[in-house]
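Please open the structure in a viewer and keep the selection panel at hand.

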Amino acid sequence: MKKTSPLTAEQLYHSCDLSVLDFVTTDSLPEFEGLFGQDRALEALRFGVGIKKRGFNIFVLGPPGIGKHTLVQSLLDTESDRRGPPNDWCYVNNFQAAHQPSVLQLPAGEGDGLARAMTEFVEALRHDIPAAFASDEYRSQLQKIEQTLKDEQDKAIEAIREKAKTKGIALMRTPNGFAFAPITDGDVLTPEQFEQLPDEEKQRIEREVDTLQDELRQLIQRVPAWRAEARAQTRALEKATAQAAVAYAMSKLKTQFQHLPAIVAFLEAVENDVLENIDEFRESDDSERGRIPMLAHVPDGPFARYQVNLLVDNAATKGAPVIYEDHPTYLNLVGRVEHVALMGALITDFRLIKPGALHRANGGYLILDAFKVLQHPYAWEGLKRALQSAEIRIQSLEQMLSLASTVSLEPERIPLDVKVVLLGDRMLYYLLYQLDPDFAELFKVAADFEDTVERSGQSVKAYAHLIATLARRHELKPLTATAVQRVIEHASRIIEDQERLSTHMRSITDVLCEADYWAGEAGRNAIDREDIEATLAAKLRRSDRVRERTIDAIRRGIVLVDTQGAKAGVVNGLSVVAVGDLDFGMPSRITATVRLGDGEVVDIEREVDLGGPFHSKGVHILTGYIGHYFAKERPLSLAARVVFEQSYAEIDGDSASAAELFALLSAIADVALTQSLAVTGSVSQKGDIQAIGAVNEKIEGFFDVCKTRGLTGEQGVIIPASNVCHLMLRQDIIEAARQGRFHIYPISHVNEGITLLSGLDAGEANEAGEFPEGTFNHKVSTILRRMEEHRHEHISPGKGIEDESNTAERQDREGDDHDGSDEDSDGH
Amino acid sequence: MVAAGSPASGQRLYAAASRLAEICGAQLDALFVEDSALLQMASLPFARVVNADSARIESLDIETLARQIRAEADQLRALFFQTVSNQPWSGQFSVLHGNVCQQLLSQVSRRDVLVCATNDSRLQSLSHLGQTLCGLLNAGRCSLWIEGGVSRAGGSIVSVVDRTPIPWHVIQQAVFWSQRRRAPFVCLVMAACPGAADVVQTITDFIAAAEIQSGEVVLAPSASDVIDLLERYSADLLVLDAYRFRNAPEQLQHWLMYSMVSVLLATES
């Protein structure tokens, strides 16, 4: 097989064509309109926003930082301008059932008017009603009633007095009541004078006194009835007085809201309640309460029930509301009833009902972060319930879970008309779709954001406009064309694709912001390419401590990695280490050992629970390869162990499976493999080398180790051919490749790698499955056949391979001498 | 001097008398008369009382009655001193025993003003209220202030002139109270008064000359019109000529009963 040629320097990096960027600085570029590369998502959003049916809420999926929220906000802001503002919502006292506050709906802006009007109305009544009851007219009427009662009593008593007088008897007032006494010449008779009277006269006097007392008693018994009548007259007077006081203010209110029948009904209820509770207005004195700070938030007195709780005020809302709730707890979504602690008790009323995000967004749009909603207990349940029922029911969690039996408010439910837009990553969307049957019913529209966009001349121009817009939006210096060129190339590096650009605007923005800083430090008025380079370099330096220490450990031989020479069963594998915001590649020595066995290839990482499932899968696959190519018609009689040497952290992924295979084959064939090359790639059972991730980091990791020791010109990295399009390597690597001091070899099949690593032809099997002599595969095949033969020599049918663990047993059974084997004597 | 017969009327009466004394810069004393007639009545063998609340007829004995009267006196004493506690002078509360009319008469000669109330139950018990009041007027130079059942805050001060020569002491007293209370002043000149038109003009000129704000002189066609006029002008105080009524007890009683407002029977002193 012909040795694979290394990639050219041009193939290692896709430069941006500067001729496409025909401007000096981005100041001359117009604002970028619309959305970059998100046609699919935009179409879905427009549909989701436009359709007015229930259940067509929107889930916007995509990784964070690509501008989902910005786009959604912008789209909804535009859409909301086309719609009118929604109604205001108010809670008012329910005079029939105070624990069930009623809700009122008014056109936008009129809620505040109602609240103010009611406040003014109550204030007016608090003055007008006492004033009406202090008026001369009321007082004189009241006094007339009282006087009439008194006159009636007095007249009646006077009549008895006069009657008594005609009979020579005086009516006298005692501390407790009335008494009769005979008089003569205006003076009461003394007992002596009375005794001197004739008996007949005495009897007459006593009779007359009895009669008069009886009359007086009957008269006094009628007094309660007179008083009751006076009270009724008084109440009628009070009611008429109150009605007169209330009527004017109320008529003004009714006129103001005559176009809203529900409000008029509420006002009538208020009027009735005021008239039934006039005494509260007459006795009102909130001055004392007003001076006590701790009572400032307490429902203050009887007038509180006439106030209006303006729950949602859309006076200033121009179109449909677009609300983003950044802390979507259950209560923040559906609203809450607050309480005030007063003397050890918790009290509340309709004025302490607070709106949630659903209230504020009612009639418009609500944007939520899906992960945050799911994070908070019962927030998701509350949201779903509101959407399913199309109404907002304010209920505490305790009530919802039936944990509380104390009396609390049950506010009237508010009809809900809202479009919810959830923002989240793809995994969350798919999990919700799979695990929550309600989700599919409520979020029928998925707006899938692209992570990347095709890199073409047109898209590069658009990207330049986007960069210009970002710079202006964040008040940065303009960028030169070469700076934009470098940013665009970086956008390809971010997503590791020469033919695509990243749509992760947050990353791009971060680079621009830092470059702006460096440009400022350098005293430039525009951001140049070197500022971008400085940004990327500084960013790397800030996170580079661990990488530098690792390279240093390799350089000093603490971590064993060879970058020249050749060894059998040893290959330089490549892995990616993620430390904070930096992913960097690092070579690791992969070793393989083989001996006679049952065909088991042991992944030591997996054995000690340091290998993840994908890594284990890779090891199984390479085992399958070996079996397919070398043991199709005969049992595999080796026991092999593969390990990442000096690795003490978890490993996952199958990107090292090709390297592991090469190490294993080398160990089987006992053919040395060059240590100048590192290998990355996933292998299939058929020997195909498959694409892996982070190819740039892996190459750069090995290059940095080689560079530390000095490039020999022999060093390089073997990568899957399908990863070539992902290459966006550093300029120093490109330059080294151009100078022939470092090489990148793309391979598609195991045999290509064997040739590169061993220097031998790999060899293709003939129809009989035999490999040409002298080839690498022939050596492998030969060794494996030999192992099989040895295996038959050492085992009996059904007893398996003899190893140290069962040799003693066998020898016992056969009666052999144990002294023939030192290894056996230690009892292992 | 203020004379209250029962705690029911005492508090209001004492308050009115206290204000009056403060305005006039006068000392205020209180008087309570333990009516001997009551005790005498209680001594009679058939003495019983009709309870004003329950309408039950209860037996009455002199000791119980005496105790009740003393209790009333104690209550009134406490009320009086409570009312006058903020006054600069220290008033006296006297308890006399005997005939109410005679005891009152014995006190008025040393007083400038006697304050009482027509709705006072003790006064009401008097057989001849009008005569008693006339007797008080005749006893000396004491003016009578009779607190009425109706009060109108900010109401006008109404004086009545029904004779010539014009009783200027009535006009002056009314003006005095009008100015102290910042209330309108109204003078009703009875049509039956000789030279009524001239009287009206004279008083009108007096008001103008004295620069009395909100003063008015009205010709009242008849006595029966006075009640309506009192209503129309929201009268709060009616100032009458004491001399006019010295010998007209029925008329005085009539005026007191039907005007309902406080009445000042003014003397020249």
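**First stop: a helix and its cover**

Select H23(A), in which His615(A), Gly618(A), Val619(A), Ile621(A), Leu622(A), Thr623(A), Tyr625(A), Ile626(A), Tyr629(A) and Phe630(A) are buried (20 or more other C-beta atoms, placed from the backbone, lie within 10 Å of the residue's own). The model is predicted: local features need pLDDT of at least 70, side-chain atom pairs count only at pLDDT 80 or more, and totals for chains, interfaces and linings use all residues. Residues are numbered from 1 along each chain as its sequence is written, while chains are lettered from A and ligands numbered from 1 in the order in which they are written. Helices (H or I, at least four residues) and strands (E, at least two) are DSSP runs, numbered from the N terminus.

Helix H23 of chain A covers residues 613-630; its 18 residues should span 26 Å at 1.5 Å a residue, and the end C-alpha atoms, 25 Å apart, agree with this. The expected span is 1.5 Å times one less than the number of residues. Next, display what covers the buried residues of H23(A), including strand E24 (638-644), helix H24 (657-669) and helix H28 (776-794) of chain A.

**Second stop: a sheet**

Select E8, E13, E16, E1 and E17 of chain A, which form, in that order, an open sheet of 5 strands with parallel pairing (strands pair if DSSP finds at least two bridges between them). At the edges are strand E8 (322-325) and strand E17 (445-448) of chain A, each pairing on one side only. From one strand to the next, the twist averages 20°.

Within this sheet, strand E13 (residues 365-369) and strand E16 (residues 419-424) of chain A run parallel and are joined by 5 bridges. Ile367(A) has Val421(A) in E16(A) as its bridge partner. Angles run from 0 to 180 degrees between N-to-C directions, and axes are lines fitted to C-alpha atoms, for helices over the stretch in contact.

**Third stop: the two chains**

Where does chain B touch chain A? In total, 30 residues of chain B are in contact with 26 residues of chain A (C-beta atoms, placed from the backbone, within 7 Å). On the side of chain B that touches chain A, H2(B) provides the largest share, 5 residues.

Technical notes:
Buried ≥ 20, exposed ≤ 12 C-beta atoms within 10 Å, placed from the backbone. Contact = placed C-beta atoms within 7 Å.
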